[in-house]
Amino acid sequence: MPVKAYILVVTAVGKETDVANSIKRINGVKEANRVYGEYDVVAEIVTDSLDELNKVISQIRKDPSILRTVTLIVM
């Protein structure tokens, strides 16, 4: 059963577009969009398992322009 999650991302100032474009290239990422408000980028992730989701999140968080993330797993 697929696992769907949204990742809310806070980036360094001025890095929103670079981070969104970088996230879009990761396997399992369906969308990554810049947004206004408390977060700078919102990404939609769909994987086949929680283990795969964890790998995608780990890959996203390696970007040095990302300051903080929050993951929301869809039930």
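Among contacts between residues at least 6 apart in sequence, what percentage join residues at least 24 apart?

1. **Contacts across the chain.** The model is predicted. Of the contacts in the chain between residues at least 6 apart in sequence, 66% join residues at least 24 apart. Several contact lists below give examples of residues that meet across the chain.

2. **Elements and overall form.** The chain holds 2 helices and 4 strands. Read from the N terminus, the order is β-α-β-β-α-β. The radius of gyration is 11 Å, close to the 11 Å of the globule rule for 75 residues, so the chain is as compact as a globular protein of that length. Along the principal axes, the C-alpha atoms fill a box of roughly 35 × 20 × 15 Å.

3. Of the 75 residues in the chain, 39% are buried. The accessible surface is about 4,900 Å². Carbon and sulfur atoms account for 51% of that surface. The side chains include 10 positive and 10 negative ones. The centres of these two sets are 3 Å apart.

4. **Helix α1.** This helix spans residues 16–24. Val19, Ala20 and Ile23 are buried in it. They sit on the same side of α1, because the arc they cover around the axis is only 100°. In general, an α-helix has 3.6 residues a turn, so residues three or four places apart point the same way. What do the buried residues of α1 pack against? Their partners are β1 (3–11), β2 (29–34), β3, α2 (50–61) and β4 (66–73).

5. **Ala20.** This residue of α1 is buried, at 4% relative accessibility. Beyond four places in sequence, Ala20 contacts Ala32, Arg34 and Val41. Val35 is 15 residues from Ala20 in sequence. The C-alpha atoms of Ala20 and Val35 are 10.0 Å apart.

6. **Thr11.** Neighbours within four places aside, Thr11 is in contact with Glu16, Val19, Asp40, Val41, Ser65, Ile66 and Leu67. Val19 is also one of the buried residues of α1. Met1 is 10 residues from Thr11 along the chain, and the two C-alpha atoms are separated by 31 Å.

7. **Val29.** Strand β2 holds Val29. The relative accessible area of Val29 is 11%, so this residue is buried. Which residues does Val29 touch, not counting those up to four places away in sequence? They are Ile23, Lys24, Glu44, Ile45, Val56 and Ile60. Ile23 is itself buried in α1. Val29 and Thr47 are 18 residues apart in sequence, with C-alpha atoms 8.4 Å apart.

8. **Glu31.** This residue also has its place in β2. With 39% relative accessibility, Glu31 is partly exposed. Its contacts, leaving out neighbours within four places in sequence, are Val42, Ala43 and Glu44. Asn21 is 10 residues from Glu31 in sequence and 9.8 Å away, C-alpha to C-alpha.

9. **Glu44.** With neighbours within four places set aside, Glu44 contacts Lys4, Ala5, Tyr6, Gly28, Val29, Lys30 and Glu31. Val29 and Glu31 lie in β2. Val29 is buried, whereas Glu31 is partly exposed.

10. **Points to look at in the model.** Finish with Thr11, whose contacts include Glu16, Asp40 and Ser65.

Conventions. Residues are numbered from 1 along each chain as its sequence is written. This is a predicted model: local features need pLDDT of at least 70, side-chain atom pairs count only at pLDDT 80 or more; totals for chains, interfaces and linings use all residues. Side-chain values use heavy atoms; hydrogens and water are left out. Contact means heavy atoms within 4.5 Å. The radius of gyration is taken over C-alpha atoms; the globule rule is 2.2 Å times the number of residues to the power 0.38. Buried means under 20% relative accessible area, exposed over 50%, partly exposed in between (1.4 Å probe, protein chains only). Accessible areas come from the Shrake-Rupley method with a 1.4 Å probe; for residues, only the protein chains shown count as cover. Lys and Arg count as positive and Asp and Glu as negative; His and the chain ends are not counted. The place of a charge is taken as NZ of Lys, CZ of Arg, CG of Asp or CD of Glu. The arc is that of the directions from the helix axis to the C-beta atoms.
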